[in-house]
Amino acid sequence: MSENDAQPTQRRDQAHADPGGETAPAPGLESGQDTGDDNGAQVSTGGEAPGVPEAAIPELVIISGMSGAGRSTAAKCLEDLGWFVVDNLPPALIPTMVELGARSQGNVARIAVVVDVRGRRFFDNLRESLADLEAKHVTRRIVFLESSDEALVRRFESVRRPHPLQGDGRIVDGIAAERELLRELRGDADLVIDTSSLNVHELRAKMDAQFAGEEEPELRATVMSFGFKYGLPVDADLVADMRFLPNPHWVPELRPFTGLNEEVAAYVFNQPGAKEFLDRYAELLRLIAAGYRREGKRYVTIAIGCTGGKHRSVAMSEKLAARLAAEGVETVVVHRDMGRE
């Protein structure tokens, strides 16, 4: 990667607002017959006249995750992008929804379904429905919205609503039960978004980066600075530790500033090993990015940490993001913990 300090396509700093929201109720659905075909490119619904082409299978995204983590906001974003969105659909009806889309003669080419524990007993049918979709060669992506227990408790308390699984217990009991119920689905997710420190606009920007536009870039990256004392980012694909560098916190004239300050950045990169790390880590990311592309992965979160997420990790994240942008990778910078002290 070059030394060119090209600017990342977007920058989003620290945020604390709740990305949750409401979506419209699911429309009624009619049952139908789906016979499928062998090559997975089309679906036959059984009602076509002789000589009429079979219907194209719609693109399918399943939105799930923790209650209060922003599923509704993610669904609204896709709806604004022209997707046909169905909220709280019983999983057993997902194949039927895809069939109805295939019958629409191209009017419903992209379907997003919100699936969560509000379905209670219906949620148990999700695994069977996913297997049914796979057997019919329907391509689907799963987006999982994650958040910390602390953030979820704060959001439920702010709206004075109980967690759907807490019963007679506490909010934390409902969160724990839901996290266990969703564990396997989270492991199957194609995209996990941690919304603990994201506001509505930042979550929408992440969804836009993944789904907006007809021409998808080869790889999209989020470079996130963070402080180890505040915990690891749960949605990080790669984590690097900057605590091997001297801490500007102990330099009185630099302590009040952040890694966005030129003097702080110069101090960090004048330390032995800083520039070498940037060069070698950028080279390693080039190797990893090529593998991600081969495996069909289009979104990566790179977490750069230091003690408090204020100086070293911020300065390194900025330089690393500039390197990625210079390589043609659509890059977003997030400074998760900057300003928390």
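Visitor: Hi! Which residues do ring pairs link into a cluster?
Guide: Hello! In this predicted model, ring pairs link Phe 244, Phe 277 and Tyr 281 into a cluster.

Visitor: How many aromatic pairs turn up in the whole structure?
Guide: A search of the whole structure finds 4 aromatic pairs. One of them joins Phe 244 and Phe 277: the ring centres are 5.8 Å apart and the planes stand at 55°, so this pair is tilted.

Visitor: And where do Phe 244 and Phe 277 lie?
Guide: Phe 244 is in the loop between β10 (238-241) and α8 (262-269), while Phe 277 is in helix α9 (residues 274-294), so their pairing ties together parts that are 33 residues apart in sequence.

Visitor: What about Phe 277 and Tyr 281, how far apart are the ring centres?
Guide: Those centres are 5.1 Å apart and the planes are at 15°, so the pair is stacked. Both residues belong to helix α9, 4 residues apart, which is about one turn of the helix.

Visitor: Is Tyr 281 buried or exposed?
Guide: Tyr 281 is buried, with a relative accessible area of 9%. Phe 244, on the other hand, is partly exposed, at a relative accessible area of 44%.

Visitor: Nice. Which charged end sits over the ring of Phe 228?
Guide: That would be the charged end of Arg 243, 3.7 Å from the centre of the ring. There is also Arg 340, which lies over the face of Tyr 230 at 4.0 Å from the ring centre.

Visitor: Let's zoom out. How many helices and strands does the chain have?
Guide: The chain has 10 helices and 12 strands. It contains 341 residues, and buried ones make up 50% of them.

Visitor: What share of the contacts comes from residues 24 or more positions apart?
Guide: Counting contacts with a separation of 6 or more, residues 24 or more positions apart account for 80%.

Visitor: Now the inside. How many residues are in the largest nonpolar core?
Guide: The largest nonpolar core has 49 residues, and those with the most contacts inside it are Ile 63, Leu 78, Ile 94 and Met 207. Apart from that core lies another, of 32 residues, among them Ala 274, Leu 285, Ala 315 and Val 333.

Visitor: Going back to Met 207, what does it touch?
Guide: Leaving aside residues up to four places away in sequence, Met 207 touches Ala 74, Cys 77, Leu 78, Val 143, Ile 193 and Ala 212.

Visitor: Tell me about helix α1. How many of its residues are buried?
Guide: Helix α1 (residues 71-80) is mostly covered, with 7 of its 10 residues buried. Among the buried ones are Ala 74, Cys 77 and Leu 78, each of which is touched by Met 207.

Visitor: What do the buried residues of α1 pack against?
Guide: They pack against β4 (59-65), β5 (84-87), β6 (110-114), β7 (140-146), α5 (171-181) and α7 (200-211).

Visitor: And which residue with a positive phi follows α1?
Guide: Gly 82 follows α1, and its phi is near 100°.

Visitor: How about Val 334, buried or exposed?
Guide: Val 334 counts as buried, at 4% relative accessibility. Val 334 is found in strand β12 (residues 330-335). The C-alpha atoms of Val 334 and Glu 202 are separated by 9.5 Å, although these residues are 132 apart along the chain.

Visitor: One more: what pLDDT does the chain average?
Guide: The average is 80, and 79% of the residues score at least 70. Over residues 1-6 the pLDDT is below 50, and this stretch has 18 contacts in the model beyond near neighbours in sequence. Residues 9-18 also have a pLDDT below 50, with 37 contacts beyond near neighbours in sequence.

Methods
Residues are numbered from 1 along each chain as its sequence is written. This is a predicted model: local features need pLDDT of at least 70, side-chain atom pairs count only at pLDDT 80 or more; totals for chains, interfaces and linings use all residues. Side-chain values use heavy atoms; hydrogens and water are left out. Buried means under 20% relative accessible area, exposed over 50%, partly exposed in between (1.4 Å probe, protein chains only). Helices (H or I, at least four residues) and strands (E, at least two) are DSSP runs, numbered from the N terminus. Contact means heavy atoms within 4.5 Å. A nonpolar core is a set of buried Ala, Val, Leu, Ile, Met, Phe, Trp, Tyr and Cys residues joined through side-chain atoms within 4.5 Å. Rings of Phe, Tyr and Trp (its six-membered ring) pair if their centres lie within 6.5 Å; planes under 30 degrees apart count as stacked, over 60 as edge-to-face and the rest as tilted. A charge sits over a ring if NZ of Lys or CZ of Arg is within 6 Å of the ring centre and within 35 degrees of the ring normal. pLDDT is the predictor's confidence in each residue, from 0 to 100.
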